[in-house]
Amino acid sequence: MPDTDPAKPTRREQILTAAAELFARHGFHGVGIDDIGAAVGISGPALYRHFRSKDAMLGEMLTSISERLLDGGQRRVEASTTPDDALRALVGWHVDFALDDPALITVQIRNLANLTDPDRRRVRALQRRYVEVWVDTIQRTVENADEPTARAAAHAVFGLINSTPHSAHLDRAQMAALLSRMALASLTTAGALEETPTAAR
């Protein structure tokens, strides 16, 4: 009987995983079709049975990342009973994603400019929606946080968490706890998101 284990990645998923690792390590332009094929045990040209081009591979990869982040964030916020719980859930979700898929985070950060125009617009739109989930949650959690400040704070937290591929010097559990504590402290410490009036001269 054929293997129908739903947990087993499809060939297409295997290719995307291998490509992400290679793109993260060598850059999009430093990886050829033959390199990706070799990583999954098939010839380079055989990849064209699954993807029409390397550009299409990158487009699907980054679109999938953005969809996963948005869907996961929305579901966690909707399942939370208080704004504080929602913020903790969002931080935990992004930390887990960064720790479990560091290659994808690296590819997402470095390769947006390498997407085709349609794929770039699609990814940008998904990313904006994900940011708005954070902005809304931050504003509901942190008193006096205005929208521009909440948006800037969300991006700053992304920068902290997304640095994980370059700073994961602790084990998985310790790194997750550290990143979560740092992210939540940066957002919820009293006065952290309030503008300090400029002293009169």
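This report describes the fold, the core, the annotated regions and several individual residues of a predicted model.

## Basis of the model

Because the model is predicted, local features require pLDDT of at least 70 and side-chain atom pairs count only at pLDDT 80 or more, whereas totals for chains, interfaces and linings use all residues. Residues are numbered from 1 along each chain as its sequence is written, and side-chain values rest on heavy atoms, with hydrogens and water left out.

## Overall architecture

The chain contains 9 helices and 0 strands; helices (H or I, at least four residues) and strands (E, at least two) are DSSP runs numbered from the N terminus. Read from the N terminus, the order of elements is α-α-α-α-α-α-α-α-α. Along the principal axes, the C-alpha atoms fill a box of roughly 65 × 45 × 30 Å.

Of the 201 residues, 41% count as buried. Buried denotes under 20% relative accessible area, exposed over 50%, and partly exposed the range in between (1.4 Å probe, protein chains only). The chain exposes about 11200 Å², of which carbon and sulfur atoms supply 52%; accessible areas come from the Shrake-Rupley method with a 1.4 Å probe, and for residues only the protein chains shown count as cover. Among contacts (heavy atoms within 4.5 Å) between residues at least 6 apart in sequence, 68% join residues at least 24 apart.

## The nonpolar core

A nonpolar core is a set of buried Ala, Val, Leu, Ile, Met, Phe, Trp, Tyr and Cys residues joined through side-chain atoms within 4.5 Å. The largest such core has 61 residues, and those touching the most other members are Phe23, Ile36, Met57, Met61, Trp134, Ile138 and Leu187. Two or more residues come from each of α1 (11–26), α2 (33–40), α3, α4, α5 (102–110), α6 (117–141), α7 (147–162) and α9 (172–188). Helix α4 gives the most to this core, with 9 residues.

Leu187 illustrates the packing within the chain. Leaving aside residues up to four places away in sequence, Leu187 touches Leu87, Trp134, Ile138, Val142, Ala153, Val157 and Leu193.

## Annotated regions

UniProt, in an unreviewed entry, lists "domain: HTH tetR-type" at residues 9–69. UniProt positions follow the numbering used here, feature names are shortened, and annotations may be inferred rather than shown by experiment. Over residues 9–69 the chain is 66% helix and 0% strand, with end C-alpha atoms 19 Å apart.

The unreviewed UniProt entry also places a "DNA-binding region" at residues 32–51. That span is 40% helix and 0% strand, and its end C-alpha atoms lie 14 Å apart.

Helix α3 (residues 54–79) has 26 residues, so at 1.5 Å a residue it should span 38 Å, in agreement with the 38 Å between its end C-alpha atoms. The expected span is 1.5 Å times one less than the number of residues. At the start of α3, a side-chain oxygen of Ser53 comes to within 3.4 Å of the backbone nitrogen of Asp55.

Ser66 lies in α3 and counts as buried because its relative accessibility is 3%. A polar atom of the Ser66 side chain is 3.1 Å from the backbone oxygen of Leu62. Beyond its neighbours within four places in sequence, Ser66 is in contact with Gln108, Val123, Leu126 and Gln127.

Ser80 occupies the loop between α3 and α4 (83–100). With a relative accessible area of 21%, Ser80 is partly exposed. The backbone oxygen of Arg76 lies 2.7 Å from a polar atom of the Ser80 side chain.

Not counting residues up to four places away in sequence, Ser80 touches Asp85, Ala86 and Ala89. The C-alpha atoms of Ser80 and Leu90, 10 residues apart along the chain, are separated by 9.9 Å.

## Asn144 and Glu147

Asn144 is located in the loop between α6 and α7. Most residues other than glycine have a negative phi. Asn144, although not a glycine, has a positive phi of about 70 degrees. Asn144 counts as exposed because its relative accessibility is 54%.

Glu147 is found in helix α7 and is partly exposed, with a relative accessible area of 41%. Apart from residues up to four places away in sequence, Glu147 touches Val135 and Gln139. Glu147 and Val133 are 14 residues apart in sequence and 12 Å apart in space, C-alpha to C-alpha.

Notes
A polar contact is a pair of N or O atoms within 3.5 Å; within protein, one must be able to donate a hydrogen and the other to accept it, and residues adjacent in sequence count only if both atoms are side-chain atoms.
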